Protein chains: 2
Amino acid sequence: MARPFNFSAGPAVLPEPVLARAAAEMLDWHGSGMSVMEMSHRGREFGEIFAHAHDSFRRLMGVPANYKVLFMQGGGIGENAIVPLNLIGRTGKADFVVTGSWSAKSAKEASRYGNVQLVAPQAVDRPGQPRYVGIPDPATWNVRPDAAYLHLCGNETIDGVEFFDWPQPAALGAPDVPLVVDVSSHILSRPLSFEGVGLMFGGAQKNIGPAGLTIVVVREDLLGHALPVCPSAFDYATVAANGSMYNTPPTYAIYIAGLVFDWIDAQGGVQALAERNAAKAALLYACLDASGFYRNAVAPACRSRMNVPFFLADERLNDAFLTGAKEAGLLQLKGHKSVGGMRASLYNAMPLDGVHALVSYLQDFERRHA
Amino acid sequence: MARPFNFSAGPAVLPEPVLARAAAEMLDWHGSGMSVMEMSHRGREFGEIFAHAHDSFRRLMGVPANYKVLFMQGGGIGENAIVPLNLIGRTGKADFVVTGSWSAKSAKEASRYGNVQLVAPQAVDRPGQPRYVGIPDPATWNVRPDAAYLHLCGNETIDGVEFFDWPQPAALGAPDVPLVVDVSSHILSRPLSFEGVGLMFGGAQKNIGPAGLTIVVVREDLLGHALPVCPSAFDYATVAANGSMYNTPPTYAIYIAGLVFDWIDAQGGVQALAERNAAKAALLYACLDASGFYRNAVAPACRSRMNVPFFLADERLNDAFLTGAKEAGLLQLKGHKSVGGMRASLYNAMPLDGVHALVSYLQDFERRHA
């Protein structure tokens with residue numbers, strides 16, 4: 001049976017070969033007589049699984065040698081507190097650029113732990129329009145040279161706004177300020193640069209695997225500045241010193257991540273996925289732009305290749321659209337509750353055929369209801 | 001092929017029918033066309049899975065109506081900080097009884113957030129003896145009547161010391177002090193009383209499911225006192241108000257937990273497991289006590305039914321013991337690195353046959369090496 005196409009924003013579609021292999025190995029991993037779920041995290045077998053996932057991730061991401069890769073818990077929302085708990089203490093200040101719901105949430109949470117400033121004016125609500133539709137011009141950002149870091153969200157999962165290059169601290173007049181980038185929803189979708197970056201973090205439940213695993217990549221010189229109230233389990237220096245095993249890591253999620261990394265290799269690596277992702281996104285945006293029936297309001301230069309929010313001109317048709325989509329084998333297209341409308345997430349595991357099927361449905365639905 | 005018997009302290013053995021069902025449903029849960037890992041946590045399908053796990057847990061545990069059940073991340077070590085971040089603010093003080101490595105670790109972590117006191121003198125190291133071998137007489141405990149809570153570890157996973165009844169705050173001269181009980185390694189192994197209890201917490205990776213899920217049961221009147229530095233994702237009031245979906249929960253682990261709860265029902269419920277667990281532990285302790293070759297040093301009245309640490313009189317035989325055990329299909333018997341020796345964990349999913357097999361091996365190994 002062909003599986004339907006699942007456009008969920010996360011937890012999200014996983015490659016079918018990964019799921020098939022996980023099912024086949026569920027009761028007995030590689031002749032060990034154990035499920036991966038049943039292994040001590042300190043045993044030889046899980047040690048192999050962990051090392052494979054960790055080493056594959058470093059290689060696929062091109063993580064430079066002076067960064068640690070940490071496998072943690074708590075998700076992106078957890079990191080909204082854990083990042084400042086670890087980093088803001090260096091100077092007591094952190095700057096944020098807000099380009100959507102996630103960066104706004106990150107800034108709010110960080111303000112518990114120090115002095116937080118937005119580097120550009122906040123977007124304001126306009127009646128009938130999505131709030132976040134672009135990136136304020138970096139030339140206008142007011143970054144404090146003594147900020148402990150500058151936070152940005154690489155890809156706004158809800159609003160569909162993506163950075164394709166990180167503005168560089170030196171060019172922003174703040175050469176000593178490391179970037180902190182929330183890459184949750186576009187990690188491994190294309191090569192991501194570490195230039196100027198002090199820390200990247202991402203929840204796994206989009207391009208990597210099951211919810212409950214968070215990956216943090218942190219430059220070594222930023223370790224060791226945690227606030228005294230930072231819980232030990234979330235102190236990057238402690239986690240790094242213990243190889244991500246200070247507390248029991250989410251072992252099964254790490255195993256699935258390792259299988260996904262194998263699948264990425266089998267696809268030709270991150271660059272090959274990047275090309276496929278660009279083609280998928282181009283196909284969908286072209287369809288939306290060619291129609292007066294659908295609308296995506298994000299500025300073309302920063303339209304996300306991973307999450308495409310769109311609206312029907314006549315929102316009374318929303319329910320009919322979703323019902324018909326499900327019947328056509330196109331799942332989880334409903335937009336985030338905070339913005340409404342629709343959203344198609346085109347993560348790595350979404351094949352080009354899925355986008356073709358979506359485009360056909362969009363055109364067919366328009367023909368029937370326009 | 002018969003699976004070997006897995007005595008890991010956690011992550012630990014799971015019931016084979018649970019693993020078989022998870023494998024069978026991996027690519028398509030109940031005709032949804034999705035793996036559970038691929039479902040939006042806010043969708044109808046995962047909503048059903050969540051409600052089933054949550055409601056089953058409440059019923060199996062007999063959770064009173066005035067307690068919330070929260071599904072969180074971070075494990076027991078995370079909770080060592082999260083509990084005081086949420087509860088210590090009421091009075092600024094918390095008391096701890098230390099009966100092993102875990103309660104000692106909990107007390108140390110809590111001291112970051114307020115005034116922490118041990119209610120009884122610390123156990124001291126004695127040459128050649130395990131440090132923790134019993135529970136100090138509650139009549140001697142010095143509990144402060146204005147402590148925000150009194151913490152105890154219901155079952156010390158490393159040291160094998162278990163409380164079979166909670167000392168009651170009124171009897172301790174502190175009637176207003178709620179108990180906080182770390183039940184990570186004996187949750188659902190037998191009925192646990194909520195009398196006097198303000199909060200119970202446990203990592204899932206012993207009796208419930210995969211690592212990465214933490215369950216917290218908290219009395220409603222204790223919500224809403226979090227310190228300002230408590231991360232939103234770990235603020236019990238926020239988590240409760242959002243039905244454990246303030247951030248993306250560890251969805252697949254919650255699904256497996258629900259399958260384990262079904263299995264517990266199929267075994268006859270918690271009381272039936274309690275009887276089986278008592279029989280399993282009695283069998284193993286009788287074997288150890290009958291021998292001068294093996295030794296468990298814990299006072300008989302508080303010997304854990306879940307985790308049985310033991311030592312060979314001649315520790316030079318440790319490697320031979322472990323190698324032979326593995327050949328006999330008895331896995332993960334090595335003791336925790338901090339105490340050495342051996343440890344057999346007898347969680348719910350360990351069948352009586354596994355303990356019989358272990359006892360046979362113990363007797364055989366002794367015959368061959370005594």
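Predicted model: local features only at pLDDT ≥ 70, side-chain atom pairs only at ≥ 80, totals over all residues.
Figure 1. A compact globule of 370 residues would have a radius of gyration near 21 Å, and chain A agrees because its own value is 21 Å. Of the 370 residues, 61% are buried. If we look at contacts with a separation of 6 or more, 70% of them join residues 24 or more positions apart. The accessible surface of the chain is about 12800 Å², and carbon and sulfur atoms contribute 53% of that.

**Figure 2. Helix 1 of chain A and its packing partners.** Helix 1 covers residues 16-24, and its buried residues include A:Val18, A:Leu19, A:Ala22 and A:Ala23. Viewed down the helix axis, the buried residues fall within an arc of 130 degrees, so they line one face of helix 1. A:Pro17 and A:Ala24 sit on the other side of the helix, where they are exposed. What do the buried residues of helix 1 of chain A pack against? Their partners are helix 6 (251-266) of chain A and helix 1 (16-24) of chain B.

Figure 3. Follow the loop between strand 1 (5-6) and helix 1 of chain A to find A:Pro11. A:Met26 is 15 residues away from A:Pro11 in sequence, and their C-alpha atoms are 20 Å apart.

**Figure 4. The corresponding view around B:Pro11.** In chain B, the loop between strand 1 (5-6) and helix 1 holds B:Pro11. A cis peptide bond links B:Gly10 with B:Pro11, and its omega is about -10 degrees.

**Figure 5. A:Ile208 and its surroundings.** A:Ile208 belongs to the loop between strand 9 (197-203) and strand 10 (214-219) of chain A. Is A:Ile208 buried or exposed? Its relative accessibility is 0%, so A:Ile208 counts as buried. Leaving out residues up to four places away in sequence, the side of the story told by contacts includes A:Phe57, A:Ile187, A:Leu188 and A:Ile215, along with A:Ile256, A:Ala257, A:Val260 and A:Phe261, each touched by A:Ile208. A:Ser184 lies 24 residues from A:Ile208 along the chain, with 9.3 Å between the two C-alpha atoms.

**Figure 6. Leu188 in chains A and B, with positive phi.** A:Leu188, one of the residues touched by A:Ile208, lies in the loop between strand 8 (179-182) and strand 9 of chain A. Its phi is near 65 degrees, a positive value in a residue other than glycine. A:Leu188 counts as buried, at 1% relative accessibility. B:Leu188 is found in the loop between strand 8 (179-182) and strand 9 (197-203) of chain B. B:Leu188 also has a positive phi, of about 65 degrees, although it is not a glycine. With a relative accessible area of 0%, B:Leu188 is buried.

Terms used:
Residues numbered from 1 in each chain as written. Chains lettered and ligands numbered in written order. Heavy atoms only, no water. Rg over C-alpha atoms; globule rule 2.2 N^0.38 Å. Buried < 20%, exposed > 50% of the residue type's maximum accessible area, 1.4 Å probe, protein only. Contact = heavy atoms within 4.5 Å. Areas by Shrake-Rupley, 256 points an atom, 1.4 Å probe, with all protein chains shown as cover. Helix = DSSP H or I, 4+ residues; strand = E, 2+ residues; numbered from the N terminus. Arc of directions from axis to C-beta.
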